[in-house]
Amino acid sequence: MKPRCHPLLSVLANPTVMAELDQAGWDKLIRQAGRAGLLSRLALLAGDQGLIEKLEGPIQHHLVAAKTLAERQRRAVAWEARKLDQALAKLNIPVVLLKGAAYALADLPAGRGRLFADVDILVPKSSLGKVESALLMHGWHGTQHSAYDERYYRQWMHELPPLTHIRRQTHLDVHHNLLPETARLKTMPELVLEASEPLEGYQALRVPCLEDMVLHSATHLFHEGEWGHGLRDLVDLDQLLRHGMSRPNWWDDVLGRAEALNLTGPLALALRYARRLLDTPVPNDILSRSAIDLNPLAWPWRDALFIGGLLTAHPSCRLAYSGLAEFMLYIRSHALRMPIHLLLPHLLHKAWTDMRGEKGET
Amino acid sequence: MRLNELSLDDLRQRLRAGLQLVTGPFTFRIVSSLPGIAQGLSKLYGEFPLSDEPFADFHVRIDALGGPRHFYHPQAQFWVDEYTPFKPLPRDQAFAMLEWGMNWCVASHAHYYLMLHAAVLERDGHALIMPGDPGAGKSTLTAALMLDGWRLLSDEIALIDRNDGLLYGLARPVSLKNASIDIVRGHDPQAILGSTARDTHKGSVAHLKPTTNSVLRVNEPAQPTWIVFPRWKSGAEARLTPHSRSAAFLHLASHAFNYSLLGQLGFQRAAALMDRCSCWDFEYGRLEEATALFRELAP
């Protein structure tokens, strides 16, 4: 049985379903997809099918608007990447774009109509200082963080405090790892940097190899607490996985890479829920091999938690316990991020600053 | 069916379940249990059509916020689906909040159109576009021209079709602020205004009912013809002076809601608009003189 969230989930699994929607179906789809950040993607897919012109005026207008937004996003990210490349080319280090910006600039299906609010890059930890000063010279600066926030990021996290460009007001996250320094799960960002591929037309900018894109996306989705974007991130995974299927040994390569990077846990979850919610054609044996280290008795509990969390974008998608799932996932993301002797004081500090109405970033 | 065919009780009931109000190209599905919303809609939106189609462009709700404040400082909140673009406001500002919320919906989603921040009125198929900085007297002049027979397309958002370059309207009420509320009342005793919301972030705000002509002909597009930058100055004689076209272009582009978002298309549409329009500065001190002068305006 499919969980609720009709028609969004059916359309994501099979975009040709859009041709059969009636007005009420579009009414729901536009709202669900809009809230999930997926409307621009659907608009491009509808365009591929030659469907947009056939739709009634108002519906057509929503899709044309969403397509326009996708085009703008593509222009903006190319411009931002150009500026980043100029700022960092002289350092002679690999600068690896992550997530949305990487999919878009590498022209992957996952990048089509993908909306994002910031650009993420991964650089060698040893070059962080150089990178930060070069970015500052070119207009990227930190925005009003408290001393506590600064310390939180610099000592514990896998990224610098978020940077904003002084003129364009665009956001940049500079990562040196895929997971926080304090997380129990450890991976090897140097392997990701090493296996990254050059991006045509740019000097310093690179993108992760396809397997690493999958693994980073999975790690991000199942380890960070951003469940508002959960479904969109799962769509990324679905698209990356489907794209890789044209390669020989794809599934074995992904599994092997997950072991090398010590990220088999997030991959197992990604494969399971992509197949469950979006019909990603993950072979059965791959699914069971990926989950070999996970306790099989915990699946009902995990399913409830993650499916609840993935379906939070729009009120009509929510399950009865989505709110609870979201809360537990929030706790989980923090518990994964740092050990309890760091986490408790951190949450107390946050509660204290929230109560006093101070704006904390973390 | 039009809104004024419902009694106030029926309207309240419909609003609780969801009332689909059609304003030009957009249908708003509005849910609200607040009496101020039903009253405001009934007073200002009487001639607007209602829809029972299964599709609405925007699903909005405006209702009271619960909690202890309910007793000493009642508040209203505006939702688009479940998203809240604004902080809650005092409950007696609810109707103004609905108006701002509806503007927000259009301005942040309707990228099918090039959207300029300007008032638009029409006469004989020709559109008058009035950008204007806050306090320049744009709304007051818009109200006076509408009451003088010009057809109102919009007091805030000029919608330019991406294909034909024509202007499309919403015909929603004109938002009047502070002194202009009494000025418009004094200028035309027939003017119908909603209740005044005081101490909003824009000061006192009241909305003026659009003329019947504006509402009934809302779906007729208009040809862009004049761009006029109004400026009210105490005691000034009404006069039009030519405005630099390049400066007008820059002003429109930098005050647009989505000029840069549309990229090349935005530039092409704005440039085509400029080609069809003459550009003017307009200084005035008295509304009677202003409306008389605009009656003589030739394409």
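1. Does Val215(B) count as buried or exposed? Val215(B) counts as buried, because 24 C-beta neighbours lie inside 10 Å. The cut-off for buried is 20 or more. Note that this is a predicted model.

2. Where does Val215(B) sit? The residue belongs to helix H7 of chain B, which spans residues 212-216. Leaving aside residues up to four places away in sequence, Val215(B) touches Glu47(B), Phe48(B), Ala171(B) and Pro210(B). Gly169(B) is 46 residues from Val215(B) in sequence. In space, their C-alpha atoms are 9.3 Å apart.

3. Now the sheet of chain A. Seven strands form an open sheet with mixed pairing. Their order is E3-E4-E5-E2-E1-E7-E6. Strand E3 (140-142) and strand E6 (197-198) of chain A are the edge strands, and each pairs on one side only.

4. E3(A) runs antiparallel to strand E4 (residues 163-165) of chain A, and three bridges join the two. Here His141(A) stands opposite Thr164(A) of E4(A).

5. Next, helix H4 of chain A, residues 57-88. H4(A) lies across strands E1 (95-98), E2 (118-122) and E7 (205-207) of chain A. Its angle to E7(A) is about 120 degrees.

6. Finally, the contact between chains. On chain A, 18 residues are in contact with 16 residues of chain B. Helix H2 (23-36) and H4 of chain A each supply at least two residues of the chain A side. H4(A) gives the largest share of that side, 10 residues. By class, the chain A side divides into eight nonpolar, four polar and six charged residues.

Notes
Residues are numbered from 1 along each chain as its sequence is written. Chains are lettered from A and ligands numbered from 1 in the order in which they are written. This is a predicted model: local features need pLDDT of at least 70, side-chain atom pairs count only at pLDDT 80 or more; totals for chains, interfaces and linings use all residues. Helices (H or I, at least four residues) and strands (E, at least two) are DSSP runs, numbered from the N terminus. A residue is buried if 20 or more other C-beta atoms lie within 10 Å of its own, exposed if 12 or fewer, and partly exposed in between; C-beta atoms are placed from the backbone. Two residues are in contact if their C-beta atoms, placed from the backbone, lie within 7 Å. Two strands pair if DSSP finds at least two bridges between them. Axes are lines fitted to C-alpha atoms, for helices over the stretch in contact, and angles run from 0 to 180 degrees between N-to-C directions. Ala, Val, Leu, Ile, Met, Phe, Trp, Tyr, Cys and Pro count as nonpolar, Asp, Glu, Lys and Arg as charged, and the others, Gly among them, as polar.
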